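Here is a short report on charged side chains and their pairing. Please look over the model first.

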Amino acid sequence: MASDALYIDDRITIAGWELTEQFVLAGGPGGQNVNKVSTAVQLFFNIPNSPSLNDRVKANAIKLAGRRMSKEGVLMIEASRFRSQDRNREDARDRLKELILEAAKPPPPPRKKTKPTKGSVERRLKEKSGRSEVKKMRGRPGGGE
C-alpha cells in the first residue's frame with residue numbers, strides 16, 4: 001500500500017489509501033539484481049470510485065488512460081525504467097500526476113464562426129471558373145459532326 005498522499009495541485013490531492021502499489025520482477029539490464037529483487041512498480045488507482053477527483057476530471061482521465069485502464073476502471077501504471085525500487089516508485093507516481101494534471105486542464109474555448117474574407121471568396125470563384133474553362137477545352141474540336 002502507498003502510505004503517503006500524492007499532491008497533484010492546489011485543488012487535487014489523492015489520499016494514500018486510494019493508491020495501491022505492487023512490486024514485481026523487472027526485465028532488462030541489471031545483472032543478477034534483476035533476477036533477485038522486485039524493482040518494477042505497478043501503481044493501481046481506481047478512477048471512478050475516487051473521492052479526490054470531480055466528474056469531469058474522472059471522465060477525461062479515463063479517456064487519457066486508454067489501454068492502461070481495466071474493465072473495472074482501475075488504472076495501472078507500470079514503472080520499470082530504473083534499477084532501483086524507490087526511483088521506479090517515484091516515476092510511477094509522477095506519471096500518474098502528469099495524467100491527472102492533463103485531465104484537469106480546462107476545456108478549450110468554443111470555436112467562433114467566421115465568414116470567409118472577400119478576397120478568399122473571389123479567389124475560390126476565380127479558381128472554379130478557371131477549372132471550368134480547362135474542362136470545356138477537353139471537348140472535341142469543331143462541334144459540327
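## Salt bridges

At 66% relative accessibility, Arg11 is exposed (over 50% relative accessible area; buried is under 20%, partly exposed in between; 1.4 Å probe, protein chains only). Its partner in a salt bridge is Asp9, with the closest N and O atoms 3.9 Å apart. Here a salt bridge means a side-chain nitrogen of Lys or Arg within 4 Å of a carboxyl oxygen of Asp or Glu. Asp9 is buried, at 15% relative accessible area.

This is a predicted model: local features need pLDDT of at least 70, side-chain atom pairs count only at pLDDT 80 or more, and totals for chains, interfaces and linings use all residues. Residues are numbered from 1 along each chain as its sequence is written, and side-chain values use heavy atoms, leaving out hydrogens and water.

The whole structure holds 8 salt bridges. The table lists some of them.

| Pair | N to O distance |
|---|---|
| Arg93 and Asp4 | 3.8 Å |
| Arg11 and Asp9 | 3.9 Å |
| Asp91 and Arg95 | 3.3 Å |

Arg93 and Asp4 pair through their side chains. Arg93 sits in helix H3 (residues 85-104) and Asp4 in the segment before strand S1 (6-7), so this bridge ties together parts 89 residues apart in sequence. Helices (H or I, at least four residues) and strands (E, at least two) are DSSP runs, numbered from the N terminus. Arg93 is buried at 4%, while Asp4 is partly exposed at 38%.

Asp91 and Arg95 are 4 residues apart in helix H3, about one helical turn. Asp91 is buried at 9%; Arg95 is partly exposed at 24%.
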